[in-house]
Amino acid sequence: SESDTHCIFTLFEDHLGPDYGKIASEIVFMAGERVLRDAIVVPFSRGCNLLTVYSKKHIDSEPELKTAKMGHNQRSMKTLGQLFAKGGTCMWFAPSGGRDRRDAETDKVEPAMFDPNSIEMVRLVAEGAGAGAKTHFYPMALATHNIFPPPQTVGGALGEERCVQFAKLGLAVCDEIVDTPIDPSLEGMEARKAMKQVRVDRCKAAFASMKDNYKLVQGYEQ
């Protein structure tokens, strides 16, 4: 949830040392715009490198602000492209687009499925910045739910009730996700189908790797 920025820093610095703490402190986090608007989560955003975006759901929630919100998202993507072009940027984003919640039936914190279009969007931004070949994707498994659990309902209003708790944390950085090359002889519709399949396969591979490591860091024992 919103505390993940500081959880990552704490785990890197406390367990791996100050050099890794410095890496964590320089990570650029892609986050929903509520991290700058909701009073209870704003403190978790302080001291972090953030690029905020409005989700599709929240873009349409206030029709009179839709144009401004879309413009904000475009500026965030432009900034991200500039960071990729510069090189040396470690960027973190949640391909599921939301906060993982405890399942009502199993009582386990289930990671939400990744969205292949979210991953593809970041890849396209990197490619558009001329950094496609030197941009690498590494899934990350986080067991950080209990320190600042999100409410069970989705899309709550600003100021929703939240509780901060003392909790065990876990993190694992997974192996790099490498795409399967597309047959260069394909053209037209066949080429588009192949590219779509690459997006789907990439997403499934990233999610499966994350799930395997989520078990290792005891994510289901939260």
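Modeller: Let's start with a term: buried means under 20% relative accessible area, exposed over 50%, and partly exposed in between, using a 1.4 Å probe and protein chains only. This is a predicted model, where local features need pLDDT of at least 70, side-chain atom pairs count only at pLDDT 80 or more, and totals for chains, interfaces and linings use all residues. Residues are numbered from 1 along each chain as its sequence is written, and side-chain values use heavy atoms, without hydrogens and water.

Biologist: Which residues of α5 are buried?

Modeller: Helices are DSSP runs of H or I, at least four residues, and strands are E runs of at least two, numbered from the N terminus. In α5 the buried residues are Lys69, Gly71, Asn73, Ser76, Met77, Leu80, Gly81 and Phe84. An α-helix has 3.6 residues a turn, so residues three or four places apart point the same way.

Biologist: How are aromatic pairs read, and how many are there?

Modeller: Rings of Phe, Tyr and Trp (its six-membered ring) pair if their centres lie within 6.5 Å; planes under 30 degrees apart are stacked, over 60 edge-to-face, the rest tilted. That rule gives four aromatic pairs. For phenylalanine 44 and phenylalanine 148, the centres are 4.5 Å apart and the planes at 35 degrees, so this pair is tilted. Phenylalanine 44 sits in helix α3 and phenylalanine 148 in the loop between β6 and β7, so the pair ties together parts 104 residues apart in sequence.

Biologist: Is phenylalanine 148 buried or exposed?

Modeller: Phenylalanine 148 is buried, at a relative accessible area of 1%.
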